[in-house]
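Dear colleague,

Please find below the structure that I am handing over to you. My notes on what was found in it follow directly after.

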Amino acid sequence: MTIAERHKFILDQLQQEGFVSVSELSNALEVTKVTIRKDLKLLEDKGLLYRSHGSATLVSPYVNEKPVDEKQLVNVEEKQAIAKAAVESLKMHEAIIIGSGTTVGAFAQAIPRNSNLTVLTSAMNVTMALLDCKDIEIVQLGGVVRKGSSSVVGHYAEEMMQSFACSKLYLSVDGISLEHGFTTSNMMEAHLNAKMIESVQKTIVLADASKFGQKGFGKICDLEDVDQIITNKSASKQFISTLEAKGIEVILV
């Protein structure tokens, strides 16, 4: 196979999957990983892809922070479908944590109004979405308000977390990377999310397919620290297979 043919194969795979790994390309094309890395560098130099450690994507893997009112206008149908699927995992009378973000915000709005739950949250939009639910007890974390995410972060919120133990955490993220795990664009929010994970028995990430292959500035946790991901069916099959091989349950909606 010529260099041009290899490059066409790589770009075709990227168009289909949105993500390629060096090892799988090496096996498929029967060339060394060194050769594949050189191919990816040439294609990146032409502006046709973005390289990461051991992989490549069509879009930049680095996440820029956007305000919540802008985020909530993106992938609305996907977020609503994910939220609906997440509601099915709820059990009455349990205590849960809901993080911040537009996808978990959609989840809060989808929770049936007659639910009997205790909800601990850092997000003010989550609290507002549940205010009319008379049987839901809301525990709002305190701290420094991040206007960009309508949520709180910092020392006071983290100290409060030490007083609670909950069954599940429903978490939104800005990025899911095979190399860097789960990330968000703000390091203080990432640290609070890590504390939330320590306080629950099960962590469920709600993320649409656009978050796969992305990296935020602040690392929340490794892939193995999450139990379940709910995402939409357009997520990369290759990416999903890798996550499942690590023991993560992936639900596609």
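Rings of Phe, Tyr and Trp (its six-membered ring) are counted as a pair if their centres lie within 6.5 Å; planes under 30 degrees apart are stacked, those over 60 are edge-to-face, and the rest are tilted. On that basis, a search of the whole structure gives three aromatic pairs. In one of them, the ring centres of Phe212 and Phe239 are 5.1 Å apart and the planes stand at 80 degrees, so this pair is edge-to-face. The pair joins distant parts of the chain, 27 residues apart: Phe212 sits in the loop between strand S12 (200–206) and strand S13 (218–221), and Phe239 in helix H10 (residues 237–245). Helices (H or I, at least four residues) and strands (E, at least two) are DSSP runs, numbered from the N terminus. Ring pairs also bring Phe19 into a cluster with Phe212 and Phe239.

The model is predicted: local features need pLDDT of at least 70, side-chain atom pairs count only at pLDDT 80 or more, and totals for chains, interfaces and linings use all residues. Residues are numbered from 1 along each chain as its sequence is written, and side-chain values use heavy atoms, with hydrogens and water left out.

Both Phe212 and Phe239 are buried, where buried means under 20% relative accessible area, exposed over 50%, and partly exposed in between (1.4 Å probe, protein chains only). In H10, the buried residues are Gln238, Phe239, Ile240 and Leu243. They pack against helix H1 (3–17), strand S1 (19–21), H2, strand S10 (175–177), strand S14 (228–231) and strand S15 (249–252), a contact being heavy atoms within 4.5 Å. Ser241, also found in H10, is partly exposed, with a relative accessible area of 43%. Just after H10, Gly247 adopts a positive phi of about 90 degrees.

Axes are lines fitted to C-alpha atoms, for helices over the stretch in contact, and angles run from 0 to 180 degrees between N-to-C directions.

Helix H2 (residues 22–29) packs on helix H3 (residues 33–45) at an angle of about 110 degrees, with the axes 9 Å apart. This makes H2 roughly perpendicular to H3 (under 35 degrees counts as roughly parallel, over 145 as roughly antiparallel, 65 to 115 as roughly perpendicular and the rest as oblique). Val22, Ser23, Leu25, Ser26 and Leu29 of H2 form the contact with Lys33, Ile36, Arg37 and Leu40 of H3. By class, this contact has five nonpolar, two polar and two charged residues; Ala, Val, Leu, Ile, Met, Phe, Trp, Tyr, Cys and Pro count as nonpolar, Asp, Glu, Lys and Arg as charged, and the others, Gly among them, as polar.

The axes of helix H5 (residues 76–87) and H6 come within 8 Å and cross at roughly 55 degrees; the two helices are therefore oblique to each other. Lys79, Ile82, Ala83, Ala86 and Val87 in H5 meet Thr102, Thr103, Ala106, Phe107 and Ala110 in H6. The classes in this contact of H5 with H6 are seven nonpolar, two polar and one charged.

Thr103, which lies in helix H6 (residues 102–110), is buried, with a relative accessible area of 1%. Leaving aside residues up to four places away in sequence, Thr103 touches Lys79, Ile82, Ser172, Leu206 and Ala207.

With kind regards
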